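Please follow the account below with the sequence and the model side by side.

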Amino acid sequence: MKKRVVVALGHRALGTTLPEQLEAVKKSAKVIADLIQNGYQVAITHSNAPQVGMIHTALNEFAKQHEDYTAAPMCICSAMSQGYIGYDLQNNIREELLDRGIFRTVSTVLTSVVVDPYDEAFYTPTKVLGRYLNAEEANLERKKGNYIVEEPGKGFRRIVSAPNPVSIVEIDAIKALLDADQVVIACGGGGIPVLEQDNHLKGASAVIEKDLTAGKMAEETDADMLIILTSVEKVKIHMGRADEKDLGEITVDQAKKYMEEGHFGVYNMLPKFNASVNFVEGREGRSALITSYDKLNEALEGKTGTVIH
């Protein structure tokens, strides 16, 4: 039996601008191809913060110049970012596999993720989105019911909520592709956040932490390992202090202790640890790995990385 892994690609693996993304995904494709060549079944998710911000800004600016068009809601921008990033990823992974003589279909699944309308996050939005606004533009956004925060000396920014993922709508399609030994890209950017209203799915004005959705996808596909690729080779505790320490192999209980002690930033490493702990606790034999994408092969050999088991 092949080991099944869910890989979460961070910002560094994708770049920011169109040219940066084209170059970054070529390197990421080699990392994914290495996994497949080594016998892993692979599902991939990815971040989308710069991309969704770019799409949101572009469509809103377009709407200002053309009175027949309306501003684009966050759910539409999220869907567009999944298609844009997925297109580049799947093409480059396919090409890298073919160059190695490996014939495997690579598919991007446009993925919706259900969130709870009563999630506390909806009352305390935290995710900054789009360009700086002037006072007039900020007031217009407030009238639409959107949250705005002021950054002194810079202007105003829109902020949106980051609710927790509850379930993945297209999970059966994702599992079917994995069961057929195909490569699947899904839940990009944490998924398109939706609210269930009987049989209708209503897009929510929010974003979802991609690491939490990666953990959810790993859980619901019964993966053996969750791999979170980020900007650091190993996670550190006591950052910037004399007793700063790299974390190698740790247990779930140790991970929980470090989380409770506040070693990880709320919007940086903490979601990665939350996702990892929840996934590993779900079944015996699971593990989670946090490392940089250029060190993944070494980490899988036990030479580096932070492993939670």
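Helix α7 (residues 252-260) packs with α8 at an angle of about 150°, their axes being 10 Å apart, where axes are lines fitted to C-alpha atoms, for helices over the stretch in contact, and angles run from 0 to 180 degrees between N-to-C directions. That angle makes α7 roughly antiparallel to α8, since angles over 145 degrees count as roughly antiparallel, under 35 as roughly parallel, 65 to 115 as roughly perpendicular and the rest as oblique. Val252, Ala255, Lys256 and Met259 of α7 meet Leu270, Phe273, Asn274, Val277, Val280 and Glu281 of α8, contact meaning heavy atoms within 4.5 Å. By class, the contact of α7 with α8 holds 7 nonpolar, 1 polar and 2 charged residues, with Ala, Val, Leu, Ile, Met, Phe, Trp, Tyr, Cys and Pro counted as nonpolar, Asp, Glu, Lys and Arg as charged, and the others, Gly among them, as polar. This is a predicted model, in which local features need pLDDT of at least 70 and side-chain atom pairs count only at pLDDT 80 or more, while totals for chains, interfaces and linings use all residues. Residues are numbered from 1 along each chain as its sequence is written, and side-chain values use heavy atoms, with hydrogens and water left out.

Helix α8 (residues 270-281) also has α6 beside it, the two axes coming within 8 Å and crossing at roughly 10°, and α6 and α8 are therefore roughly parallel to each other. The residues of this contact divide into 5 nonpolar, 3 polar and 4 charged. Helices (H or I, at least four residues) and strands (E, at least two) are DSSP runs, numbered from the N terminus.

Helix α6 (residues 210-220) in turn lies across β1, β2, β9 and β12, running at about 170° to β1. These strands belong to an open sheet of 8 strands with mixed pairing, in the order β3-β9-β2-β1-β12-β16-β17-β15, two strands being paired if DSSP finds at least two bridges between them. Because β3 (106-109) and β15 (249-250) stand at the edges, each with a single partner strand, one side of each is left without a neighbour in the sheet. The partner of β3 is β9 (residues 183-186), paired in the parallel sense over 4 bridges, and valine 106 stands opposite valine 183 in β9.

Finally, arginine 157 is found in strand β7 (residues 155-160). Its relative accessibility is 14%, so arginine 157 counts as buried, a term for under 20% relative accessible area, with exposed over 50% and partly exposed in between (1.4 Å probe, protein chains only). Not counting residues up to four places away in sequence, arginine 157 touches several residues, among them Leu129, Tyr132, Tyr147 and Glu151.
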